[in-house]
Amino acid sequence: MSDIHANLLALEAVLADTAPYDKVWCLGDLVGYGPDPNECIERVRGLPGACLAGNHDWAVLGKLDLRSFNREARIASAWTREELTQESHAYLGELPARAESDGFTIVHASPREPIWEYVLDTQVALANFDHFTTGVCLLGHSHIPLMFVLDGERRRCHIVLPEPSDRIEIDSRTMMVNPGSVGQPRDGDPRASYAILDTDADTWEVCRVEYPIEEVQGRMRGRKLPRRLIDRLASGY
Ligand code: ZN
């Protein structure tokens with residue numbers, strides 16, 4: 001899963017929907033935008049698996065210039081920074097930007113630029129295939145579930161937009177796979193997005209799950225987070 005963005009109710013819905021699981025890989029952006037940063041960090045740190053740092057995590061740590069964010073993201077980031085406990089702050093500070101686990105490369109954004117680059121088109125994707133050596137790289141950051149597959153000669157790649165519950169084979173080709181966003185989907189479907197990776201069957205599938213969006217919006221209003229961030233959860237954009 002990726003891009004929880006302090007949306008605890010979406011995170012809980014995903015964990016309930018996907019259980020039982022052996023491991024959870026969290027591909028960064030635990031915080032930023034949403035109303036419950038400490039609670040999300042607490043929940044993720046108790047899960048078996050690995051967690052990476054995203055650009056929003058770095059922003060609240062002061063490791064990234066807030067001027068690169070839009071106005072609403074800046075406001076939410078500043079609020080989050082005030083809100084974080086010392087423990088949460090320390091946890092975010094220890095997260096790596098890139099990892100390899102069980103034969104998979106995992107990053108937040110792209111293998112070439114693990115914190116910041118968006119992989120949304122085949123040109124950017126193609127340039128990134130030279131930056132990991134495992135068969136599959138898992139990434140997040142764009143908040144859109146998708147996959148890029150490298151073609152045989154390594155000169156071209158194509159994009160796949162998976163439908164929920166499509167079981168997609170992970171074969172010997174090189175791939176980059178994005179599970180979409182738990183806490184702030186941007187593909188027009190407001191349901192929380194995550195993916196199940198089945199390493200016995202060698203498949204992955206995107207899953208979508210409903211969560212109480214209005215309740216999260218109420219919490220955001222209570223914390224005086226920007227209106228646009230509140231509204232966009234309902235449209236999934
Ligand atoms: Zn994000």
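Helices, of at least four residues, and strands, of at least two, are DSSP runs that are numbered from the N terminus. In these terms aspartate 102 is found in the loop between strand 3 (98–101) and strand 4. The model under discussion is a predicted one.

Aspartate 102 has a phi near 50 degrees, a positive value in a residue other than glycine. In general, most residues other than glycine have a negative phi, and most peptide bonds are trans. With a relative accessibility of 52%, aspartate 102 counts as exposed, because the term applies over 50%.

Tyrosine 33 also has a positive phi, of about 80 degrees, although it is not a glycine. The loop that holds tyrosine 33 runs between strand 1 and helix 2 (37–45). Is this tyrosine 33 buried or exposed? Its relative accessibility is 9%, and tyrosine 33 therefore counts as buried, the limit for that term being under 20%.

A further backbone feature concerns the peptide bond that joins alanine 19 and proline 20, which is cis, with omega at about 0 degrees. Proline 20 lies in the loop that connects helix 1 (8–18) to strand 1 (24–26).

The next subject is the metal site. Which residues coordinate the zinc ion? The donors are Asp3 (OD), His5 (NE2), Asp29 (OD) and His143 (NE2), at 2.0 to 2.3 Å. Along the sequence these donor residues follow the spacing D-x1-H-x23-D-x113-H. The angles subtended by the four donor atoms range from 86 to 179 degrees, and the arrangement is therefore irregular. A tetrahedral assignment would require all angles to lie between 85 and 135 degrees.

The last subject is the aromatic rings. A pair of such rings is described by the distance of the centres and the angle of the planes. The structure has three aromatic pairs. In one of them, phenylalanine 69 and tryptophan 116 have ring centres 6.2 Å apart and planes at 10 degrees, so the pair is stacked. This pair links distant parts of the chain, 47 residues apart. Phenylalanine 69 is in the loop between helix 3 (55–61) and helix 4 (71–83), whereas tryptophan 116 is in the loop between strand 4 (104–107) and helix 6 (122–128). Phenylalanine 69 is buried, with a relative accessible area of 7%, while tryptophan 116, at 35% relative accessibility, counts as partly exposed.

How values were computed
Residues are numbered from 1 along each chain as its sequence is written. This is a predicted model: local features need pLDDT of at least 70, side-chain atom pairs count only at pLDDT 80 or more; totals for chains, interfaces and linings use all residues. Side-chain values use heavy atoms; hydrogens and water are left out. Donors are N, O and S atoms within 2.8 Å of the metal (3.2 Å for Na, K and Ca); water is not among the atoms, so sites may look incomplete. Four donors count as tetrahedral if all angles lie between 85 and 135 degrees; four count as square planar and six as octahedral if opposite donors are over 155 degrees apart and all others between 65 and 115; anything else is irregular. Rings of Phe, Tyr and Trp (its six-membered ring) pair if their centres lie within 6.5 Å; planes under 30 degrees apart count as stacked, over 60 as edge-to-face and the rest as tilted. Buried means under 20% relative accessible area, exposed over 50%, partly exposed in between (1.4 Å probe, protein chains only).
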